[in-house]
Amino acid sequence: MAPMAEHKKVQVLHGPNLNMLGKREPAIYGMETLEAIDTDLQQRGANMAIAVSCFQSNHEGDLVEKIQDCADGCDGLIINPAAFTHTSIAIRDALLLLAIPVIEVHLSNIYKREAFRHHSMIAGAATGQITGLGPMGYRLALDALAGLMNKKTGT
Ligand code: DQA
């Protein structure tokens, strides 16, 4: 097996209330727990020589700091900012620090829901967005990053 030094590094960030997946509005967010999503991403990453680190916080500043840390040492970022998607200039500004591909993921289709969810503060700072595909969205985001990181482009 290739040594870890050759692995690409992907950070996965989950925003507020996503720690409650499985219990939280299952008709919208499904029954899969965050732990199951993260474990699956880490296993899929290992098969692609990608080291996947996962972090969830209910606090905006914690997410900003993790994004800042990513500026030094990450090759790609997947972020579901949850409710901060619609409010956080601080998370958007932190993402603009990065010169790596960033995929914004939402479990639900934010454009089919309440009007206040239709605007993402994050989208303009992301390489791409996946919305409405449930946990599969994270898996597709990892596949997308695998391709983008190999191209060595943040666009
Ligand atoms: C979400 C959509 C947001 O509007 C909401 O606040 C969330 C989850 C999603 O994954 O569908 O917490 O980001």
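Residues are numbered from 1 along each chain as its sequence is written, and side-chain values use heavy atoms, with hydrogens and water left out. Because the model is predicted, local features need pLDDT of at least 70 and side-chain atom pairs count only at pLDDT 80 or more, while totals for chains, interfaces and linings use all residues.

**Exercise 1.** Determine the strand order of the open sheet and which strands lie at its edges.

Solution. Take strands as DSSP runs of E with at least two residues, numbered from the N terminus, and count two strands as paired if DSSP finds at least two bridges between them. The five strands then follow the order β2-β1-β3-β4-β5, with parallel pairing. The edges are β2 (50–56) and β5 (128–131), each of which pairs on one side only.

**Exercise 2.** Decide which cysteines form a disulfide, and with what handedness.

Solution. Apply the rule that a disulfide is a pair of cysteine sulfur atoms within 2.5 Å; the count comes to one. The pair is C70 and C74, with sulfur atoms 2.4 Å apart. The torsion about their S-S bond is about -95°, so the disulfide is left-handed. C54, by contrast, is in no disulfide, the nearest cysteine sulfur being that of C74, 11 Å away. With buried meaning under 20% relative accessible area, exposed over 50% and partly exposed in between (1.4 Å probe, protein chains only), both C70 and C74 are buried, whereas C54, at 24%, is partly exposed.

Terms used
Helix = DSSP H or I, 4+ residues; strand = E, 2+ residues; numbered from the N terminus.
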